[in-house]
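Please look through the structure below with its sequence beside it.

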Amino acid sequence: MTQQLQNVTIDKQANIYFEGKVTSRTVWLPDGNKLTLGIMLPGEYEFGTDSLEVMDILSGELKVQLPGEAVWREISGRGTFTVPAHSSFKLEVSRITDYCCSYGS
């Protein structure tokens, strides 16, 4: 993923979850696809998704448990994981984490 996004539209309204511990902004790409850019504070979270999600961790430290997996994956610094559509995943964030989430079908 590139470090800069060109010719995009950004929703000013924040997406706020878990009492403000996870926030993001929606970015609309020129082709109509969307992604979100956000920050997660330390804590434990579970998210559900309707569409495929590709989470690009830009910085931070966390563990992720993906659907159907018993083992937690650890990410320190940069990393990427994919979450299938119509599923949920768990996160244990131990250090402030900066992320970009892309959505598929």
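Arginine 95 has a relative accessibility of 43% and therefore counts as partly exposed, where buried means under 20% relative accessible area, exposed over 50%, and partly exposed in between (1.4 Å probe, protein chains only). The model is a predicted one, in which local features need pLDDT of at least 70 and side-chain atom pairs count only at pLDDT 80 or more, while totals for chains, interfaces and linings use all residues. Residues are numbered from 1 along each chain as its sequence is written, and side-chain values use heavy atoms, with hydrogens and water left out.

**Salt bridges**

Side chains of opposite charge can pair when their charged atoms come close. A salt bridge is counted here when a side-chain nitrogen of Lys or Arg is within 4 Å of a carboxyl oxygen of Asp or Glu, and a search of the whole structure finds 3 of them.

| Pair | Closest N to O |
|---|---|
| Arginine 95 and glutamate 61 | 3.1 Å |
| Arginine 78 and aspartate 56 | 3.7 Å |

Because arginine 95 lies in strand E9 and glutamate 61 in strand E6, their pair ties together parts that are 34 residues apart in sequence; strands (E, at least two residues) and helices (H or I, at least four) are DSSP runs, numbered from the N terminus. Glutamate 61 is partly exposed, with a relative accessible area of 30%.

**Threonine 97**

Threonine 97 is found in strand E9, and at 0% relative accessibility it counts as buried. The side chain of threonine 97 reaches the backbone oxygen of arginine 95 at 2.8 Å, and a polar atom of that side chain lies 3.3 Å from the backbone nitrogen of glutamate 61. Leaving aside neighbours within four places in sequence, threonine 97 is in contact (heavy atoms within 4.5 Å) with residues including Gly38, Met40, Ser59 and Leu62.

**The nonpolar core**

A nonpolar core is a set of buried Ala, Val, Leu, Ile, Met, Phe, Trp, Tyr and Cys residues joined through side-chain atoms within 4.5 Å. The largest one has 17 residues, and those with the most contacts inside it are Met40, Leu62, Phe81, Phe89 and Leu91. Strands E5 (43-49), E6 (53-65), E8 (79-83) and E9 (87-103) each supply at least two residues of this core, with the largest share, 5 residues, coming from E9. Beyond its neighbours within four places in sequence, phenylalanine 81 is in contact with Phe89 and Leu91, among others.

How values were computed
Polar contact = N/O pair within 3.5 Å; in protein donor to acceptor, adjacent residues only side chain to side chain.
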